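Student: I have a new structure to look at, and I would like to learn how to read it. Could you take me through some of its features?

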Amino acid sequence: MPSKKMSVSAETITVDLDKQAREILEKAKERGVEYSYLFITTFHKYQELTKRLKELQAAIEEDGATITKEYVKGRANLYVHPAVAAYNTTSRAADSAAALLLKYIETPLAGGGETGDAFDSFKGNE
């Protein structure tokens, strides 16, 4: 997987997303949840969301945070770029996924089974 870096802002730090993903996986392995179905699906969701955030951030940086639409009679109206709303929504979803990842790592679900989470109990395979 190629290294993805996301600039937090033009004046601050650059975050290596691949390095952070490896650190999350290391923490999950230390806690024995790296093969947990719930952890894996949430981790994949988090990766997809951060990929979309990077794409949206690039669109906003390229086009600006506002766009102009011209209507009849040539009047121009200024609007917030649609990518801004999508970025905010995606950011909230990524925050929720990150919170779930932390929860799965810090307090693995009781019930165990082979996967290290309660999914086996949920299926009735205690």
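Tutor: Gladly! Let's begin with a pair of helices: α2 and α3 are roughly antiparallel to each other, a label given to angles over 145 degrees, while those under 35 count as roughly parallel, 65 to 115 as roughly perpendicular and the rest as oblique. Please keep in mind that this is a predicted model, in which local features need pLDDT of at least 70 and side-chain atom pairs count only at pLDDT 80 or more, whereas totals for chains, interfaces and linings use all residues. Residues are numbered from 1 along each chain as its sequence is written, and side-chain values use heavy atoms, leaving out hydrogens and water.

Student: At what angle do α2 and α3 pack, and how far apart are their axes?

Tutor: Two packed helices are described by the angle between their axes and the distance between the axes. Here, α2 (residues 37-63) and α3 (residues 82-106) pack at about 155°, with axes 9 Å apart. Axes are lines fitted to C-alpha atoms, for helices over the stretch in contact, and angles run from 0 to 180 degrees between N-to-C directions. Helices (H or I, at least four residues) and strands (E, at least two) are DSSP runs, numbered from the N terminus.

Student: Which elements does the protein chain have, and in what order?

Tutor: The protein chain contains 4 helices and 4 strands. Starting at the N terminus, they run β-β-α-α-β-β-α-α.

Student: How many salt bridges does a search of the whole structure find?

Tutor: Side chains of opposite charge can pair when their charged atoms come close. The search finds 1 salt bridge, meaning a side-chain nitrogen of Lys or Arg within 4 Å of a carboxyl oxygen of Asp or Glu. The partners are E48 and R52, whose closest N and O atoms are 3.2 Å apart. Both lie in helix α2, 4 residues apart, which is about one turn of the helix.

Student: Is T50 buried or exposed?

Tutor: T50 is buried, with a relative accessible area of 12%; buried means under 20%, exposed over 50%, and partly exposed in between (1.4 Å probe, protein chains only). T50 also belongs to helix α2, and its side chain reaches the backbone oxygen of Q47 at 2.9 Å. By comparison, E48 is partly exposed at 27%, and R52 is partly exposed at 41%. Of the 126 residues of the protein chain, 24% count as buried.

Student: And where is A98 found?

Tutor: A98 is found in helix α3 and is partly exposed, with a relative accessible area of 22%. The C-alpha atoms of A98 and K45 are separated by 9.5 Å, although these residues are 53 residues apart along the chain.

Note on methods. Polar contact = N/O pair within 3.5 Å; in protein donor to acceptor, adjacent residues only side chain to side chain.
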